[in-house]
Amino acid sequence: MTHMKLTLKSFVTFLNLRLKKKNVIILHASVHNPTGMNLSKEQWKIVRDIVRERALFPFFDLAYHGFGDGGLNEDSFPLRLFKSSNIEFFVSQSFGKNLGLYGERIGFLSGSINDENSIPKIYSQMINVSRPMYSNPARYGAAILAKVLLDPSNFTSWVQELKEVRERLRLIRKQMKNNLDKLAPQLNWSGITQQTGMFYFSNLEKKQGLQLKEDFHVYILPSSGRINLGGINSNNIDYVCQSLAKIVSIKS
(Lines give C-alpha, C1' and ligand atoms only; values in the text may rest on other atoms or scores of the structure.)
Protein backbone atom coordinates (compact mmCIF):
# COMPACT_ATOMS: atom_id res chain seq x y z
CA MET A 1 0.00 0.00 0.00
CA THR A 2 1.26 3.47 -0.86
CA HIS A 3 0.17 6.76 0.66
CA MET A 4 -0.17 10.03 -1.18
CA LYS A 5 1.83 13.02 -0.08
CA LEU A 6 1.92 16.58 -1.26
CA THR A 7 4.81 17.35 -3.59
CA LEU A 8 5.10 21.13 -3.53
CA LYS A 9 7.40 21.22 -6.54
CA SER A 10 4.80 19.50 -8.73
CA PHE A 11 2.06 21.77 -7.44
CA VAL A 12 4.10 24.89 -8.17
CA THR A 13 4.89 23.59 -11.65
CA PHE A 14 1.18 23.07 -12.27
CA LEU A 15 0.37 26.62 -11.16
CA ASN A 16 3.10 28.12 -13.32
CA LEU A 17 2.85 26.04 -16.48
CA ARG A 18 -0.57 24.43 -16.72
CA LEU A 19 -2.70 27.47 -15.93
CA LYS A 20 -3.12 30.55 -18.06
CA LYS A 21 -3.07 34.01 -16.59
CA LYS A 22 -6.40 35.06 -15.07
CA ASN A 23 -7.59 31.45 -14.86
CA VAL A 24 -9.81 30.49 -11.93
CA ILE A 25 -8.18 27.97 -9.60
CA ILE A 26 -10.10 25.95 -7.01
CA LEU A 27 -8.22 25.58 -3.73
CA HIS A 28 -9.23 23.73 -0.58
CA ALA A 29 -8.57 26.16 2.25
CA SER A 30 -8.05 23.27 4.67
CA VAL A 31 -8.57 19.53 5.11
CA HIS A 32 -8.44 18.59 1.44
CA ASN A 33 -11.06 16.09 0.34
CA PRO A 34 -10.28 13.24 -0.18
CA THR A 35 -6.56 13.27 0.66
CA GLY A 36 -6.72 15.01 4.06
CA MET A 37 -3.55 16.93 3.20
CA ASN A 38 -2.92 20.54 4.23
CA LEU A 39 -0.47 23.13 2.98
CA SER A 40 1.74 24.68 5.64
CA LYS A 41 1.65 28.44 6.17
CA GLU A 42 4.95 28.82 4.32
CA GLN A 43 3.62 26.77 1.42
CA TRP A 44 0.48 28.90 1.28
CA LYS A 45 2.70 31.98 0.99
CA ILE A 46 4.42 30.43 -2.02
CA VAL A 47 1.03 29.73 -3.60
CA ARG A 48 -0.07 33.28 -2.77
CA ASP A 49 2.95 34.73 -4.57
CA ILE A 50 2.30 32.66 -7.70
CA VAL A 51 -1.40 33.54 -7.72
CA ARG A 52 -0.57 37.23 -7.46
CA GLU A 53 2.19 37.09 -10.07
CA ARG A 54 0.07 35.20 -12.60
CA ALA A 55 -3.16 37.09 -11.85
CA LEU A 56 -5.02 33.88 -11.05
CA PHE A 57 -8.43 34.05 -9.39
CA PRO A 58 -8.71 31.73 -6.35
CA PHE A 59 -11.99 30.02 -5.58
CA PHE A 60 -11.66 28.56 -2.09
CA ASP A 61 -13.63 25.52 -0.96
CA LEU A 62 -14.18 25.56 2.81
CA ALA A 63 -16.41 22.55 3.39
CA TYR A 64 -14.69 21.20 6.53
CA HIS A 65 -14.05 24.37 8.50
CA GLY A 66 -12.95 23.49 12.02
CA PHE A 67 -11.93 19.90 11.28
CA GLY A 68 -8.25 20.72 10.74
CA ASP A 69 -5.73 20.30 13.54
CA GLY A 70 -5.78 23.99 14.45
CA GLY A 71 -9.53 24.55 14.46
CA LEU A 72 -11.53 27.39 12.93
CA ASN A 73 -8.78 30.00 13.13
CA GLU A 74 -6.03 27.91 11.57
CA ASP A 75 -8.32 26.51 8.89
CA SER A 76 -9.10 30.01 7.63
CA PHE A 77 -5.45 31.14 7.49
CA PRO A 78 -5.29 31.08 3.65
CA LEU A 79 -8.29 33.41 3.44
CA ARG A 80 -6.74 35.95 5.79
CA LEU A 81 -3.42 35.67 3.96
CA PHE A 82 -4.94 36.35 0.55
CA LYS A 83 -7.16 39.11 1.94
CA SER A 84 -4.22 40.89 3.56
CA SER A 85 -2.37 40.61 0.24
CA ASN A 86 -5.22 42.39 -1.60
CA ILE A 87 -5.90 39.35 -3.76
CA GLU A 88 -9.51 39.04 -4.85
CA PHE A 89 -11.17 35.67 -4.34
CA PHE A 90 -14.40 33.77 -3.74
CA VAL A 91 -14.93 31.30 -0.93
CA SER A 92 -17.70 28.72 -0.83
CA GLN A 93 -18.40 27.59 2.73
CA SER A 94 -20.62 24.69 3.70
CA PHE A 95 -22.02 23.81 7.12
CA GLY A 96 -23.26 20.38 6.08
CA LYS A 97 -20.43 18.68 7.98
CA ASN A 98 -19.39 20.92 10.85
CA LEU A 99 -23.00 21.53 11.89
CA GLY A 100 -24.35 18.16 10.83
CA LEU A 101 -26.81 19.74 8.38
CA TYR A 102 -26.42 17.17 5.62
CA GLY A 103 -30.07 17.28 4.59
CA GLU A 104 -30.14 21.07 4.43
CA ARG A 105 -26.77 21.60 2.72
CA ILE A 106 -26.64 25.13 4.04
CA GLY A 107 -23.72 27.32 3.04
CA PHE A 108 -22.85 30.58 1.38
CA LEU A 109 -20.66 32.15 -1.24
CA SER A 110 -18.53 35.10 -0.15
CA GLY A 111 -16.14 37.29 -2.06
CA SER A 112 -13.23 39.54 -1.26
CA ILE A 113 -13.40 42.28 -3.89
CA ASN A 114 -11.10 45.30 -4.03
CA ASP A 115 -13.23 47.52 -6.27
CA GLU A 116 -16.51 48.48 -4.58
CA ASN A 117 -17.97 49.51 -7.94
CA SER A 118 -17.71 45.90 -9.10
CA ILE A 119 -19.81 44.50 -6.26
CA PRO A 120 -23.28 45.29 -7.73
CA LYS A 121 -22.23 43.72 -11.04
CA ILE A 122 -20.95 40.58 -9.32
CA TYR A 123 -24.09 40.37 -7.20
CA SER A 124 -26.34 40.60 -10.25
CA GLN A 125 -24.43 37.77 -11.91
CA MET A 126 -24.78 35.64 -8.77
CA ILE A 127 -28.54 36.22 -8.87
CA ASN A 128 -28.66 35.23 -12.54
CA VAL A 129 -26.84 31.98 -11.79
CA SER A 130 -28.73 31.02 -8.63
CA ARG A 131 -32.25 32.04 -9.64
CA PRO A 132 -32.81 29.23 -12.20
CA MET A 133 -31.63 26.67 -9.61
CA TYR A 134 -33.83 27.79 -6.71
CA SER A 135 -36.03 30.72 -5.79
CA ASN A 136 -35.06 30.70 -2.13
CA PRO A 137 -32.25 28.92 -0.26
CA ALA A 138 -32.87 26.34 2.47
CA ARG A 139 -34.76 28.29 5.15
CA TYR A 140 -34.66 25.75 7.97
CA GLY A 141 -30.91 25.17 7.78
CA ALA A 142 -30.27 28.91 7.59
CA ALA A 143 -32.31 29.47 10.75
CA ILE A 144 -30.27 26.86 12.64
CA LEU A 145 -27.04 28.37 11.37
CA ALA A 146 -28.10 31.84 12.50
CA LYS A 147 -28.93 30.51 15.98
CA VAL A 148 -25.44 29.05 16.28
CA LEU A 149 -23.31 31.80 14.75
CA LEU A 150 -25.13 34.86 16.09
CA ASP A 151 -25.69 33.72 19.68
CA PRO A 152 -22.42 33.99 21.70
CA SER A 153 -23.33 31.12 24.01
CA ASN A 154 -24.33 28.80 21.18
CA PHE A 155 -21.24 29.75 19.20
CA THR A 156 -18.97 28.95 22.15
CA SER A 157 -20.65 25.57 22.58
CA TRP A 158 -20.27 24.83 18.87
CA VAL A 159 -16.55 25.67 18.92
CA GLN A 160 -16.09 23.34 21.89
CA GLU A 161 -18.01 20.55 20.17
CA LEU A 162 -15.87 20.96 17.05
CA LYS A 163 -12.80 20.59 19.24
CA GLU A 164 -14.20 17.35 20.66
CA VAL A 165 -14.85 16.07 17.13
CA ARG A 166 -11.25 16.87 16.10
CA GLU A 167 -9.86 15.15 19.17
CA ARG A 168 -11.99 12.07 18.58
CA LEU A 169 -10.90 11.85 14.94
CA ARG A 170 -7.24 12.16 15.98
CA LEU A 171 -7.73 9.38 18.53
CA ILE A 172 -9.39 7.15 15.92
CA ARG A 173 -6.47 7.76 13.54
CA LYS A 174 -3.93 6.89 16.22
CA GLN A 175 -5.76 3.73 17.24
CA MET A 176 -6.24 2.63 13.62
CA LYS A 177 -2.56 3.07 12.84
CA ASN A 178 -1.48 1.19 15.97
CA ASN A 179 -3.88 -1.66 15.18
CA LEU A 180 -2.93 -1.93 11.51
CA ASP A 181 0.80 -1.71 12.24
CA LYS A 182 0.32 -4.89 14.28
CA LEU A 183 -2.17 -6.63 11.99
CA ALA A 184 -0.44 -5.85 8.68
CA PRO A 185 3.12 -4.72 9.52
CA GLN A 186 4.31 -5.40 5.97
CA LEU A 187 2.55 -2.21 4.83
CA ASN A 188 3.06 1.47 5.56
CA TRP A 189 0.12 2.93 7.49
CA SER A 190 1.69 6.32 8.28
CA GLY A 191 -0.80 8.11 6.04
CA ILE A 192 -3.54 7.54 8.60
CA THR A 193 -2.00 9.93 11.12
CA GLN A 194 -0.38 12.24 8.56
CA GLN A 195 -3.76 13.15 7.10
CA THR A 196 -6.38 15.29 8.85
CA GLY A 197 -10.14 15.72 8.89
CA MET A 198 -13.02 13.31 8.49
CA PHE A 199 -11.56 11.05 5.84
CA TYR A 200 -8.71 8.61 5.49
CA PHE A 201 -7.55 8.33 1.88
CA SER A 202 -6.47 4.69 2.03
CA ASN A 203 -5.52 4.30 -1.64
CA LEU A 204 -7.21 0.90 -1.68
CA GLU A 205 -8.09 -0.37 -5.12
CA LYS A 206 -11.72 -0.40 -6.23
CA LYS A 207 -11.94 -4.19 -6.09
CA GLN A 208 -10.66 -4.14 -2.51
CA GLY A 209 -13.27 -1.56 -1.53
CA LEU A 210 -16.01 -3.70 -3.06
CA GLN A 211 -14.65 -6.78 -1.30
CA LEU A 212 -14.79 -4.95 2.03
CA LYS A 213 -18.47 -4.36 1.37
CA GLU A 214 -19.34 -7.85 0.15
CA ASP A 215 -17.28 -9.94 2.56
CA PHE A 216 -17.10 -7.80 5.70
CA HIS A 217 -19.92 -5.23 5.38
CA VAL A 218 -17.43 -2.39 5.83
CA TYR A 219 -18.51 0.46 3.59
CA ILE A 220 -16.03 2.88 2.02
CA LEU A 221 -15.93 4.82 -1.26
CA PRO A 222 -14.57 2.12 -3.59
CA SER A 223 -13.59 4.47 -6.40
CA SER A 224 -10.95 6.20 -4.28
CA GLY A 225 -10.57 4.11 -1.13
CA ARG A 226 -11.81 7.01 0.99
CA ILE A 227 -12.91 5.96 4.48
CA ASN A 228 -15.20 8.13 6.60
CA LEU A 229 -13.62 8.05 10.06
CA GLY A 230 -16.74 9.58 11.56
CA GLY A 231 -18.37 6.17 11.30
CA ILE A 232 -15.65 4.43 13.32
CA ASN A 233 -15.92 4.20 17.09
CA SER A 234 -14.68 2.14 20.03
CA ASN A 235 -17.27 -0.56 19.32
CA ASN A 236 -16.27 -1.27 15.72
CA ILE A 237 -12.68 -0.07 15.27
CA ASP A 238 -11.15 -3.49 15.93
CA TYR A 239 -13.44 -5.15 13.39
CA VAL A 240 -12.76 -2.45 10.77
CA CYS A 241 -9.00 -2.80 11.22
CA GLN A 242 -9.15 -6.59 11.09
CA SER A 243 -11.19 -6.39 7.89
CA LEU A 244 -8.75 -3.95 6.29
CA ALA A 245 -5.81 -6.15 7.27
CA LYS A 246 -7.42 -9.19 5.68
CA ILE A 247 -8.16 -7.32 2.46
CA VAL A 248 -4.65 -5.94 1.99
CA SER A 249 -3.07 -9.25 3.00
CA ILE A 250 -4.89 -11.00 0.17
CA LYS A 251 -3.23 -8.66 -2.33
CA SER A 252 0.19 -8.52 -0.70
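View 1. The UniProt annotation "domain: Aminotransferase class I/classII large", from an unreviewed entry, covers residues 20-244. UniProt positions follow the numbering used here, feature names are shortened, and annotations may be inferred rather than shown by experiment. Over residues 20-244 the chain is 47% helix and 13% strand, with the end C-alpha atoms 43 Å apart. Helices (H or I, at least four residues) and strands (E, at least two) are DSSP runs, numbered from the N terminus. Residues are numbered from 1 along each chain as its sequence is written. The model is predicted: local features need pLDDT of at least 70, side-chain atom pairs count only at pLDDT 80 or more, and totals for chains, interfaces and linings use all residues, while side-chain values use heavy atoms, leaving out hydrogens and water.

**View 2. Confidence along the chain.** pLDDT is the predictor's confidence in each residue, from 0 to 100. Its mean for the protein chain is 92, and 97% of the residues reach 70 or more. Confidence is lowest in helix 1 (residues 8-18), at a mean of 90, and highest in helix 4 (residues 77-84), at 97.

**View 3. Helix 4 and its packing.** F77, P78, L79, L81 and F82 of helix 4 are buried (under 20% relative accessible area, 1.4 Å probe, protein chains only). The buried residues of helix 4 pack against helix 2 (41-53), strand 2 (57-62), helix 3 (71-75) and strand 3 (89-94). Just after helix 4, N86 takes a positive phi of about 60°.

**View 4. The largest nonpolar core.** A nonpolar core is a set of buried Ala, Val, Leu, Ile, Met, Phe, Trp, Tyr and Cys residues joined through side-chain atoms within 4.5 Å. The largest has 24 residues; M176, L180, W189, L212, L229, I232 and L244 touch the most other members. Helix 7 (152-183), helix 9 (206-216) and helix 10 (237-251) each give two or more residues. Helix 10 supplies the largest share, 7 residues. Leaving aside neighbours within four places in sequence, L244 is in contact (heavy atoms within 4.5 Å) with M176, L180, L204, L212 and I227. A second, separate core of 21 residues includes L15, I50, L79 and L81.

**View 5. Lining of the largest pocket.** Eighteen residues line the largest pocket, with G107, F108, L109, S130 and Y134 nearest its centre. Strand 3, strand 4 (107-112) and helix 5 (119-130) each give two or more lining residues. Helix 5 gives the largest share, 5 residues. A pocket is an open set of points on a 1 Å grid over the protein atoms alone, where a 1.4 Å probe fits, with protein on both sides within 12 Å along at least five of seven lines; lining residues have an atom within 4 Å of a point.

Note on methods:
Buried means under 20% relative accessible area, exposed over 50%, partly exposed in between (1.4 Å probe, protein chains only).
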